[in-house]
Amino acid sequence: MRITLAELNALDRPGFVAALDGIYEHSPWVAEAAIDAGPFASRLALLDALNAAMLAAPRDTQRALIDAHPELAGKAAMAGALTAESQREQRGAGLDRCSAEEYAELQRLNADYRARFGFPFIVAVKGHSRASIIATWAERLLNDEDTEFARALHEIGRIAAFRLADRIREPAGDEIISLCRRLAMLSEQPDGLTCSCLTPTHRATAARLRDWMLEAGLEADIDAIGNVVGRWRSAQPGARTVITGSHYDTVINGGHYDGRLGVLLPIVVLGQLRRSGVQLPFDVEIVAFSDEEGVRFQSTFLGSSALAGHFDPMLLARRDRDGISLAEALQQAGHDPAEIPQLARDPQQIAAFVEVHIEQGPVLLDEGRALGVVTAINGAERHALVVTGRAGHAGTVPMRLRRDAAAAAAEMLLAVENIARDHDGVVATVGTLTVLGGAINVIPGRCELSIDLRAPDDARRIAARDAIFAAIDAIAARRAVTVERRQVHEAAATPCDPALQQALAEAIQRRADPRPPRRLPSGAGHDAMMMARLAPMAMLFVRCGNGGISHHPEEQMTADDAQRAADVFGDFLTCLGRPA
């Protein structure tokens, strides 16, 4: 029976212990020891208190807890004497369907393990197959007793997490925020959030995401490029697949919600739909993409490009600052780079890709809207310019004879800004402006600047670019300087599918806001750009707080907005593909 945190927090001691019966096998003392840490703000806080009580207990009490667990496919299982929780878990791993050879192997492992350590082998079987259980068992037989005792307690904590997820009911918004904050505790730096591709932190994050997908009742694994993939299969034969997700890597010292919201929100929503008995006419995959930001190997969309069938194998030779190649990093993480081409999805089997993401800007916040429908992901181009004039003495060259490269560059910067303002939907930024060899008493002779230009469609972007370059050439001629320019990046605009946009808009009006929804382009790039090569694509934007700041530790989002987004996304899924 499921219970809310509010209901649990209101119980007296006996009621609290009874409500958590079965979370720790035949060991109500764990709940008894944890209750004084309440009231509990989240399921994860409750789990922390329970596991802390378990780990603080005397060793003989811990040993009794370990001994309370049944052997896998052991005599208790054969006699039907397991607790309901253990029976369900062992059945889920297929241990009730062992062949004669598998059963004999499990009995041998039970005996060998008991003889070596004196207590039963414990593993959280959710997400395991019979073969992987046997392989894990054989590997752990090589441990010493203290290591294996600690591993047993760790696995008991994981079992408790899985059981608690099915027992405790939380509002979706609260749970999403709790998961985002907990995931941010895994970081490469102690005072901020950094999670770059295939580092130990990244791998720990992937393992945590896989466990949370399993808690939601999904199948889950980690693929050859480091994507974490959760699956909810439809009962309908031959069903196509709707993919959702976003990235779990971060920029250096990033925020809690960029990318990760689009992974954790679908996990929570699918868990709620599954527990409510909802049936969908399509399979759903949640993909936590391994690398969108490109921090470590300076190449974006590694995870999504593999699924879209556009992974560039030349990237495997790309090296990080420490000289480790992408191929080597994958191998260190236990992945086989040769399997990456097999990750490409069949476009005929994919019905849609839908990404939920924070806006990373202030539009929704300024308009008082929680959600928005993305119309397109802006096309973008970047240029590097070198302006060359003539250096001279700051005190001796008359103003009318100067060929000041910095003054020309400054005028060009203002032209970029003014032209972008005159072209609807276009944004342009001069992000770098450098006086080369500058000195306080020297007229600048050489200056470098960059231009980043974005628009929701390529025609507007190209028109703005042509106007900007014409203005720059005119400034250069008038000021007697020369300009060299080099394009360093170009990506076409990616329109969102009109039918999916409308489905999201209708879901917003049904579940969040009756007004016609705000439609807006995305100025930032997303994995959805790559996935649009595979299937029709759409994006749901969620309001940022704190002025819309993103890629920053002060990135903010509220539980209320997370709840609204979860309600809309769940409604969108349940209505998608059904007759009007």
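Predicted model: local features only at pLDDT ≥ 70, side-chain atom pairs only at ≥ 80, totals over all residues.
Which residue does D36 meet in a salt bridge? The partner is R13, and the N to O distance between the two side chains is 2.8 Å. R13 sits in helix α2 (residues 13-19), while D36 is in the loop between α3 (29-34) and α4 (43-56), so this pair ties together parts that are 23 residues apart in sequence. R13 itself is partly exposed, because its relative accessibility is 31%.

In general, side chains of opposite charge can pair when their charged atoms come close. In this model the count comes to 46 salt bridges, and I've picked a couple of others to show you.

One joins D211 and R158, with the closest N and O atoms 2.6 Å apart. D211 belongs to helix α12 (residues 200-215) and R158 to helix α10 (residues 145-167), so the pair ties together parts 53 residues apart in sequence. Are these two buried or exposed? D211 is buried, with a relative accessible area of 15%, and R158 is buried as well, also with 15%.

Another salt bridge runs between E411 and R479, where the closest N and O atoms are 2.7 Å apart. This pair links distant parts of the chain, with E411 in helix α17 (residues 405-422) and R479 in helix α18 (residues 458-479), 68 residues apart. Both partners count as partly exposed: E411 has 23% relative accessibility, and R479 has 30%. There is also a network, in which salt bridges that share partners join E381, D458, R461, R465 and E490.

Now to the nonpolar side of things. The largest nonpolar core has 110 residues, and among those touching the most other members are L20, Y24 and F572. Leaving out residues up to four places away in sequence, Y24 touches V30, L47, L50, N51, M54, L65, I156 and A160. Apart from that core lies another one, of 41 residues, including A224 and F301.

Last stop: R231, in strand β4 (residues 228-232). R231 counts as buried, because its relative accessibility is 18%. Its side chain makes a polar contact of 3.1 Å with the side chain of D221. Beyond its neighbours within four places in sequence, R231 is in contact with L218, E219, D221, V284 and E285.

Methods:
Residues numbered from 1 in each chain as written. Heavy atoms only, no water. Helix = DSSP H or I, 4+ residues; strand = E, 2+ residues; numbered from the N terminus. Buried < 20%, exposed > 50% of the residue type's maximum accessible area, 1.4 Å probe, protein only. Polar contact = N/O pair within 3.5 Å; in protein donor to acceptor, adjacent residues only side chain to side chain. Contact = heavy atoms within 4.5 Å. Core = buried A, V, L, I, M, F, W, Y, C linked by side-chain atoms within 4.5 Å. Salt bridge = Lys/Arg side-chain N within 4 Å of Asp/Glu carboxyl O.
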